[in-house]
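Please read the following report alongside the sequence and the coordinates.

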Amino acid sequence: MTAWINVGRYHLVDPIAYLVAPWAILAFVFLINLVITEAEGGPNPTKALAVIYLCFFGLGILSAGGSLPFGLALGASRRSYYTGTLLLAVALAAADGLGLALLQVAERGTHGWGLALHVFQVSYILAGPWYLTWLTSFVGLTLLFVYGMWYGIIYRRWNRFGLVAFIVGQVAVIRVWIVIVDRGHNWGGAGFSFTPSPMGLTAVLAALAVVLLIGGFALMRRVSV
Amino acid sequence: MTPTISVSGLTRRYRGQRALDDVTFDIDGPSITGLLGRNGAGKTTLMRIIATQEFASAGSVRVLGSSPVENGAVLRRMVLVREDQTFPRLRVRHLLRAASWFYPNWSGGLAEGLVADFNLPLNRNVGGLSRGMRTALGIVIGLAARAEVTMFDEPYAGLDAVARQLFYDRMLADFTDHPRTMLVSTHLIDEAADLLERVLVIDQGRIVLDAAADDLRGAATTVSGTVDAVEEFAAGRAVWDRRSIGSQESVVVSGVLDDDDRARARQLRLSLTPLSLQQLVSQVPGRSNQDLKEDQSA
Amino acid sequence: MLDEGAPIFSQIAERLSEEIAEGVLAEGERVPSTNELAAYYRINPATAAKGINVLTDGGLLEKRRGIGMFVAARARERLLETRRQRFTERYVEPLVAEANRLGIDAESVVALVRESSAAGGGVRV
């Protein structure tokens, strides 16, 4: 347990990356959107929220790619490094998710910040009550963090070549998926019939996160630094 | 007594090559052992495997009585300082703080003193450090951790002679006050020779020499003088090297020379120069451990 | 400081013996500790300890618990005695051999010794 705490502390030794940066970037993008909407009645709703999800993706890469060698050098086992990092990610996702949910409430309350600007409300998936928004955000942020960790670990194990293979592999899978979907419009197995509701989608994302989580650990077990 | 480090049949195959080939040795602590060999001989691979940063293809490692792989209890009592360590992009003081959490014996006082000794800029990002400063940072972490098993892999990249001597002095001083098991790999052998109790020489992945440092001193001598005198002296002894120019000859004779030998050499007007540890070690690949031992008793 | 040709521990033992023989280290005087020797010569403390042990085993040093290592009583005498025994072997025999090689007869050798001794104010012959 102490090992997990030490790993978490290690990531936070310079709090800026994990605690401040996601919000600073989001605030910056938010302000720009505010200014633009004020001036021109700009894009509405915006995709500004994607920025914090991208940040978590980046932090995932950082945690399992950049910070990994020194972390293992300090004597963390791979198991405790992975677990400690994951626990940190989950805690951050929960906290930041709550923040996003509260901002959504504020946005509704001010009718889109007085400008009908929708940053924290996203139709279909982030349009419900605050606690469901919290849950969905939590799952989404965690998913992107773990996905980022995959990139970090793959880079450490197989370098640039491995990364390229990983990306190309995913692109190939997606293309195959699209072909399958094209060919069978009514084929339920393509997955579309899975998601009639926002909660259904959240559940799928959560399942995906869990799969990546387990897979990530399997990848980390044999990484050399 | 259980050896502190026990390596048995360790092999590491990589792209058809054997980076390590059936390596076996035990190290008892507290002690300072030198791991010597040329670049690419396998020193770094060996230390990385002991520290579980890399995996062996075959064989076993035991540290402090158990396998260190994924073993937190052992890992926190062990530190490996590598000259090619990848650091996260943090400031020096952050890295030192992080290290202080992981090592139960961490000494903040020692770390402070060493930072001052090496003039490390605490607030600078590690990315902005020179090679020598990165090495110094590694040294600070390695020594201040006061880990029971402390390993240094070529801890001198970018350090000038003065800084290196500072490292040896500080290492020796802290070792004296807090004895532990130290394994130091180096190819600057003569600098460290006086600190080592034991020497392991590795060449192309194999251990080619495993001896006490004291046994190696005087183990071979360069004998020079006139050809006749040298040949007379060297008769019946194992000779490793022979060079001549005109009527002068110089051979390397193995086996410790006693007072009688020296007296005889004086009579024959020969000059005797013992081989330094560095010279000895560079002679070893191509000769087996057996050869050296036999030469000693001849 | 240290010679490459002989084990460090025996060189440490040699030097301390020298100091005792010459009276620089007097009987009952404290000898540098293992750690002090290690720091001074920049060697491994275990090696320094080995050197001290050689002298302790030879009865030249004695340990006083909690305080340190001290020159034993009559250590100097014992050292000089050993050296006297070796004098012939180490100095006289080579001298004679060299004299023979150079064709210097015994009496001339004695005369040379007298001269040298008078100049150096040493041995009374």
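Two strands are said to pair if DSSP finds at least two bridges between them, where strands (E, at least two residues) and helices (H or I, at least four residues) are DSSP runs numbered from the N terminus. This is a predicted model, in which local features need pLDDT of at least 70 and side-chain atom pairs count only at pLDDT 80 or more, while totals for chains, interfaces and linings use all residues. Residues are numbered from 1 along each chain as its sequence is written, and chains are lettered from A and ligands numbered from 1 in the order in which they are written.

Chain B holds an open sheet of 6 strands in the order E5-E6-E7-E3-E8-E9, with mixed pairing. Its edge strands, each pairing on one side only, are E5 (78-82) and E9 (206-212) of chain B.

| Strands | Sense | Bridges | Facing residues |
|---|---|---|---|
| E2 (61-64) and E3 of chain C | antiparallel | 4 bridges | C:Glu62 and C:Phe70 |

In the hairpin of E2(C) and E3(C), which has 3 residues between the strands, C:Gly66 takes a positive phi near 80°.

The contact between chains A and B, where residues count as touching if their C-beta atoms, placed from the backbone, lie within 7 Å, takes 22 residues from chain A and 22 residues from chain B. On the chain A side, helices H1 (2-12), H4 (68-73) and H5 (78-109) each give two or more residues.

Conventions: Contact = placed C-beta atoms within 7 Å.
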